[in-house]
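Me: I would like to go through the pockets and cavities of this structure, and then a few backbone details. Here it is.

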Amino acid sequence: MADVMVMKEIEDTALRLGLDLSTLDLDSVRLPPGENCGIVSDDDEVYQEDNLEFESGFGNIIVVDNLPVVPKEKFEKLEGVVRKIYSQIGVIKEDGLWMPVDPETDKTLGYCFIEYNTPQEAELAKEKTHGYKLDRAHIFCVSMFDDFDRFMKVPNEWAPPETKPYAPGENLQHWLTDAKARDQFVIRAGSDTEVLWNDARHLKPDPVYKRAFWTESFVQWSPLGTYLATVHRQGAAVWGGSSSFNRLMRYAHPQVKLIDFSPGEKYLVTYSSNEPSNPRDANRVVINIFDVRTGKVMRDFKGSADDFAVGGAGGVTGVSWPVFKWSGGRDDKYFARMGKNVLSVYETETFSLVDKKSLKVENIMDFCWSPTDPIIALFVPEMGGGNQPARVSLIQVPSKEELRQKNLFSVSDCKIYWQSNGDYLAVNVERYTKTKKSTYTGFELFRIKERDIPIEVLELENKNDKIIAFAWEPKGHRFVVIHGDNPKPDVSIYSMRTGQNSRVSKLTTLKGKQANALFWSPAGRYIVLAGLKGFNGQLEFYNVDELETMATAEHFMATDIEWDPTG
């Protein structure tokens, strides 16, 4: 009947508009994509009525074993206890807790199944409650439901693993033998990723390797250039070789967002973050540390984004990155992270905390490793309204012995700069004046390799000058400071040794330079005084040995500068 009514309305409208319906092909009429003209489709009605859910594996179910075996009258009480423990971790689905009962005895069987909204919550529940002590006789044993399939497939008879014949691998440092001493660089455009030789003598770089859809998000070189890492939805992979980049290893980590290599390229740190099912909760973070060569997970860290929000330079969704800082040198022996009032230092032999405990440092604000030795410099700000001074400490690892400490008063800010050989440490200290209305700056200079680590104080001639940039000479004893007010600050050059004297001395001050950033050549001796961004890209090439300008140039609105590794 309804169909007849609708058809009559269509005929009346056609008559009014002077249309002949017999000439129209109604089946050929198509609505624009996403437009329904206010008419709900039959399919939508079905979805709304049934609110259909589609099963996708059992990754969100856990099995909790070693529960008390109880009769029917205590069943409700036990279920209440279990629900209370597990609902703190995530949202349990409706009818998502099932405790099987023995039909002969009417008692529970000592285990239960719990179904969460997401696999992440199930994994967190397993991690947090495996080994949970309900009482002396009942310690929870928690497994993922999906693991049972795997356990059942273990054969009863042991068979020796298959030995594979040795196949020599490619030389991953082959690019270092290039006759022209060129470097490789990677570039991504559209769906293509391309590795090329950089040759300044030719206008066009030489291609090495090109591949379409090589990554779904980004690529990253390892610190020594041995590997090129690619990032995908399922995890990361590393590639290398002389001319054809072969995949050397995969690292499974779903939804990986960030990666970081250890300085010696032995380990790869991967990071992912998942939205919680309860919007009030923080994002769930998973960090894995893989052995680069074997692909084995050496250690994982899981928690909320708040647990990883301290320290690190960059970041994503409230997490600082990199979360871990690695000790200096290429042996990758230690790594550390800062927490609230603690510094956790791990060693890579067992991937556990050094001395099995974190170092308690009240109010720790920043730390960094010496580039060459297992020494940590850490900064603690003032506390108790200035009654407890700020301090910089040098800590030796693994002994955790304090090698040197310097108390600092009236501190508003502090920055730590290591020299590349770990010979010197500069601490740039910004202090309040007595009135607390303004600040002035000075430097504390530590001579790390000398007996008892002597400290010198360096103050600028005009103490009120603002420090704009600071940079140590690589492998050298000199440093450069840009100080003063924009738009034309001064540039001062200092040396930590002059002749036989091992006191800091000023070599020269260059007045009124259009510079706000410093870039030493990797080989030392030469430095670029750069005016980046708002300073219109003024570049001055300066010879620090001869204390003279070699050349000036301009790259309008330049934002970044990078020396090639040879200098």
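Reply: To begin with a definition, helices (H or I, at least four residues) and strands (E, at least two) are DSSP runs, numbered from the N terminus. This is a predicted model, in which local features need pLDDT of at least 70, side-chain atom pairs count only at pLDDT 80 or more, and totals for chains, interfaces and linings use all residues. Residues are numbered from 1 along each chain as its sequence is written, and side-chain values use heavy atoms, with hydrogens and water left out.

Me: How many helices and strands are there in the protein?
Reply: The protein has five helices and 42 strands.

Me: What is the volume of the largest pocket?
Reply: The largest pocket holds about 1,200 Å³ of space. A pocket here is an open set of points on a 1 Å grid over the protein atoms alone, with protein on both sides within 12 Å along at least five of seven lines, whereas a cavity is a set of points where a 1.4 Å probe fits but cannot get out; lining residues have an atom within 4 Å of a point. Grid points are joined across faces, edges and corners, and a volume is the space filled by probe spheres set on the points.

Me: Which residues are closest to its centre?
Reply: Among the 39 lining residues of the largest pocket, Pro223, Leu224, Pro263, Arg330 and Pro565 are the closest to the centre.

Me: What about the lining by class?
Reply: The lining of the largest pocket has 21 nonpolar, 12 polar and six charged residues. Ala, Val, Leu, Ile, Met, Phe, Trp, Tyr, Cys and Pro count as nonpolar, Asp, Glu, Lys and Arg as charged, and the others, Gly among them, as polar.

Me: And the second largest pocket, which residues lie nearest its centre?
Reply: Its volume is about 360 Å³. Of its 16 lining residues, Glu123, His253, Pro254, Val286 and Asn288 lie nearest the centre. Helix H4 (119-129) and strands S17 (267-274), S18 (284-291) and S19 (297-304) each give two or more residues to this lining, and S18 has the largest share, four residues. Domain 1 (61-153) and domain 2 (172-321) each contribute at least three residues, with domain bounds taken from an automatic or database domain assignment.

Me: Now the cavities. How many are of 30 Å³ or more?
Reply: The count is two, and the largest cavity has a volume of about 40 Å³. Its lining includes Trp175, Trp221, Trp239 and Phe245. By class, that lining has five nonpolar, five polar and no charged residues.

Me: Turning to the backbone, which peptide bond is cis, with omega near 10 degrees?
Reply: The bond from valine 397 to proline 398 is. Proline 398 sits in the loop between strand S29 (390-396) and strand S30 (401-408). Most residues other than glycine have a negative phi, and most peptide bonds are trans.

Me: What is the phi of glutamate 265, and is that residue buried or exposed?
Reply: Glutamate 265 has a positive phi of about 65 degrees although it is not a glycine. Glutamate 265 is buried, with a relative accessible area of 6%; buried means under 20% relative accessible area, exposed over 50%, and partly exposed in between (1.4 Å probe, protein chains only).

Me: And isoleucine 453, where is it found?
Reply: Isoleucine 453 is in the loop between strand S33 (439-447) and strand S34 (455-459). Isoleucine 453 has a positive phi of about 50 degrees and is buried, with a relative accessible area of 8%.
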